[in-house]
Amino acid sequence: MKLSPQFINSHLDQYHSANHIIVGYSGGIDSHVLLHLLAQIPELHPKITAVYIDHGLQACADDWATHCQRVAQALTVKFKVIKVNAVAAQGESPEEAARNARYQAFKDMMCQNDVLLFAQHRNDQLETVLLQLFRGAGLKGLAGMPTNIAFGAGELCRPLLDVTQAEIQQYAQDHGLQ
């Protein structure tokens with residue numbers, strides 16, 4: 001399989017009529033590749049907003065936000081930073097608190113007929129299934145992450161779930177992505 005704008009576009013056919021395409025953009029290689037691919041699809045480009053969630057947990061969060069903004073500007077896509085309170089509540093792990101805060105922030109910004117895209121890939125899927133297996137999850141938990149799911153007022157899609165991390169890294173190298 002060759003990772004390309006055409007590949008992503010074919011996975012997003014059902015979202016061409018979406019009002020807004022929100023990309024969960026951490027600034028890491030996975031979300032950078034997804035944003036780069038999307039920015040090359042003329043019919044989707046005007047609908048794209050890259051969103052960086054600042055959990056307030058790392059001293060370098062502002063640097064990451066600046067990096068993300070620069071990349072979005074270079075790709076001429078809209079960009080937004082959302083600051084969340086990711087402090088863990090009693091009995092909640094820091095990772096769970098950050099995920100819950102992040103997901104709530106995305107849900108709050110979703111409107112009807114919006115789609116949120118995450119850059120989770122095949123390796124993430126395998127990790128999720130293994131973690132669920134070790135936790136003793138039932139069949140539902142072992143199914144892993146769905147490609148598409150209702151989310152807030154819109155829908156969440158993970159178009160890279162069938163793509164390996166190696167393919168993402170190769171794409172980034174081929175296109176000189178930092």
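Which residues of α2 are buried? They are Asp-30, Ser-31, His-32, Val-33, Leu-34, Leu-35, His-36, Leu-37, Leu-38 and Ala-39. Here buried means under 20% relative accessible area, exposed means over 50%, and partly exposed is anything in between, with a 1.4 Å probe and protein chains only.

Before going further, some ground rules. This is a predicted model, where local features need pLDDT of at least 70, side-chain atom pairs count only at pLDDT 80 or more, and totals for chains, interfaces and linings use all residues. Residues are numbered from 1 along each chain as its sequence is written, and side-chain values use heavy atoms, with hydrogens and water left out.

**The overall layout**

The protein chain has seven helices and six strands. Reading from the N terminus, its elements go α-β-α-β-α-β-α-β-α-α-β-β-α. Helices (H or I, at least four residues) and strands (E, at least two) are DSSP runs, numbered from the N terminus. Of the chain's 178 residues, 45% count as buried. Take the contacts between residues at least 6 apart in sequence: 75% of them join residues at least 24 apart. Contact means heavy atoms within 4.5 Å.

**The sheet**

Now for the strands. Six of them form an open sheet in the order β3-β2-β1-β4-β6-β5, and the pairing is mixed. At the edges sit β3 (78-83) and β5, each of which pairs on one side only. On average, neighbouring strands of this sheet are turned by 25° against each other, ignoring direction. For the pairing itself, two strands qualify if DSSP finds at least two bridges between them.

| Strand pair | Sense | Bridges |
|---|---|---|
| β1 (residues 20-24) and β2 (residues 48-54) | parallel | four |
| β4 (residues 114-117) and β6 (residues 154-157) | parallel | three |
| β5 (residues 148-151) and β6 | antiparallel | four |

A few residue pairs are handy for finding your way around. Ile-21 stands opposite Ile-48 in β2, Leu-116 stands opposite Leu-156 in β6, and Phe-151 has Gly-154 of β6 as its bridge partner. The hairpin of β5 and β6 has two residues between the strands, and in it Gly-152 takes a positive phi near 55°.

Axes are lines fitted to C-alpha atoms, for helices over the stretch in contact, and angles run from 0 to 180 degrees between N-to-C directions.

Back to α2, which is mostly covered, with 10 of its 11 residues buried. How do the axes of α2 and α7 cross, and at what angle? The axes of α2 (residues 29-39) and α7 (residues 165-174) come within 10 Å and cross at roughly 60°. The two helices are therefore oblique to each other. On the scale used, angles under 35 degrees count as roughly parallel, over 145 as roughly antiparallel, 65 to 115 as roughly perpendicular, and the rest as oblique. The crossing of α2 past α7 is left-handed, that is, the near helix is turned anticlockwise from the far one by less than a right angle, with clockwise being right-handed.

On the α2 side the contact is made by Ile-29, Asp-30, Val-33, His-36 and Leu-37, and on the α7 side by Ile-168, Gln-169, Tyr-171 and Ala-172. Sorted by class, that gives six nonpolar, two polar and one charged residues. Ala, Val, Leu, Ile, Met, Phe, Trp, Tyr, Cys and Pro count as nonpolar, Asp, Glu, Lys and Arg as charged, and the others, Gly among them, as polar.

Thr-76 has a positive phi of about 50° although it is not a glycine. Thr-76 lies in the loop between α3 (61-74) and β3, and at 57% relative accessibility it counts as exposed. Asn-113 is another non-glycine residue with a positive phi, near 70°. The loop between α4 and β4 holds Asn-113, which is partly exposed at a relative accessible area of 37%.

Ala-88 is in the loop between β3 and α4 and is partly exposed, with a relative accessible area of 34%. Leaving aside neighbours within four places in sequence, Ala-88 is in contact with Ser-93, Pro-94 and Ala-97. Ala-88 and Ala-101 are 13 residues apart in sequence, and their C-alpha atoms are 9.7 Å apart in space.
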